[in-house]
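Subject: Handing over the two-chain model

Hi,

Here is the structure I promised to pass on to you. Have a look at it first, and my notes follow below.

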Amino acid sequence: MKQDIFQAIADPTRRAILTLIAIQALTPNAMAEKFDMSRQAVSKHIKVLHECELIKPEQCGREIYYHFNAKKMQEFDHWLAQFRQNWETQFNQLDHLLTTINEQK
Amino acid sequence: MNNDLLFDFNVDKAAKTVYITREFNAVQSLVWDAFTKAELLDQWGAPAPMRAKTKYMNFEVGGRRFYAMISPDGQERWAVQEFTSITPKTNFKMYNAFADKDENRELPGSEWDYNFSEQNGITKVDITIFNESFERLEKLLEGFKIGFTITLKNLEELLATLA
């Protein structure tokens, strides 16, 4: 099943991983070390983040470095901006309706 | 329209929650009616060019509103709101889920909490939307997008005829 971006961000460890690799791409081993976690635990988090495209792997020699995918986060923010715009439109319609009702009184 | 009226829109991604606050230049009882009476809701409850159509609404605890958002080309996106708590004029909570035209719900949905308060004739509405998943939240916009895309397409066609 494809991972949900909300579920991915909701986890505090995954947010910490994102914050960290937003500054610098890291290998799974480096992440495990920074968070004092097992390789398996890190792999699980990486899998979730990778499946919802918040991070991207890049092979560098024998190592895989994970990068933060800012574009995905922007898509998410863009979507939220549209959601906000819809509400603004609806509320302006309601303003209009309330004015009409008040004038009729 | 009064531009001094407050409009806040915040998203707590970690808590999977959206917070919306808006003020209206009307008394609390009227604003309450606009949010809880089908005949008023249908006049503003979908962003133009979409429109809202309520099939039925029982505004009572355990009651439901079954309604659709309709795009300009007539596509209908049905949803069910189930009212879980009502404190007249000040608060109501509901569970919103998309549905097919026969009212079969697609679960899970989202939890909505509305609070109303008035000061000096200005009514403030606080809305909290909790979504179990982002994809559910994303679906809330799906219907809007259909309508919007069609409008843009109409505009393109109109521009093409004028060219």
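In chain B, β6(B) and β7(B) run antiparallel and are joined by eight bridges. One pair to look at there is B:Phe98, which stands opposite B:Glu106 in β7(B). The hairpin of these two strands has five residues between them, and B:Glu103 takes a positive phi near 75° in it. Please keep in mind throughout that this is a predicted model.

On to the next strand. β7(B) is joined to β8(B) by 10 bridges, again with an antiparallel run. Here B:Tyr114 has B:Ile127 of β8(B) opposite it. These strands also form a hairpin, with two residues between them, and B:Asn120 in the turn has a positive phi of about 50°.

β8(B), residues 122-131, is also tied to β2(B): the two run antiparallel, with eight bridges. If you want a pair to click on, B:Glu23 has B:Lys124 in β8(B) as its bridge partner.

Put together, these strands belong to an open sheet of eight in chain B, ordered β1-β2-β8-β7-β6-β5-β4-β3 with antiparallel pairing. Its edges are β1 and β3 (51-57) of chain B, each of which pairs on one side only. On average, neighbouring strands of the sheet are turned by 20° against each other, direction ignored. Which helix packs on this sheet? That is α1(B), which touches β2, β6 (91-99), β7 (105-119) and β8 of chain B. The direction of α1(B) makes about 170° with that of β7(B).

Now for chain A, which has five helices and two strands. Along the sequence they come in the pattern α-α-α-α-β-β-α. Along the principal axes, the C-alpha atoms of chain A fill a box of roughly 75 × 30 × 25 Å. Buried residues make up 24% of the 105 residues in this chain. Of the contacts in chain A with a separation of 6 or more, 51% are between residues 24 or more positions apart.

Finally, the interface between the chains. Here 28 residues of chain B are in contact with 26 residues of chain A. On the chain B side, at least two residues each come from β1 (7-12), β2 (17-24), α1 (28-36), α2 (38-44) and α3 (134-162). Which of these elements gives the most? It is α3(B), with six residues. By class, the side of chain B that touches chain A has 18 nonpolar, five polar and five charged residues.

Best wishes

Conventions:
Residues are numbered from 1 along each chain as its sequence is written. Chains are lettered from A and ligands numbered from 1 in the order in which they are written. This is a predicted model: local features need pLDDT of at least 70, side-chain atom pairs count only at pLDDT 80 or more; totals for chains, interfaces and linings use all residues. Helices (H or I, at least four residues) and strands (E, at least two) are DSSP runs, numbered from the N terminus. A residue is buried if 20 or more other C-beta atoms lie within 10 Å of its own, exposed if 12 or fewer, and partly exposed in between; C-beta atoms are placed from the backbone. Two residues are in contact if their C-beta atoms, placed from the backbone, lie within 7 Å. Ala, Val, Leu, Ile, Met, Phe, Trp, Tyr, Cys and Pro count as nonpolar, Asp, Glu, Lys and Arg as charged, and the others, Gly among them, as polar. Two strands pair if DSSP finds at least two bridges between them. Axes are lines fitted to C-alpha atoms, for helices over the stretch in contact, and angles run from 0 to 180 degrees between N-to-C directions.
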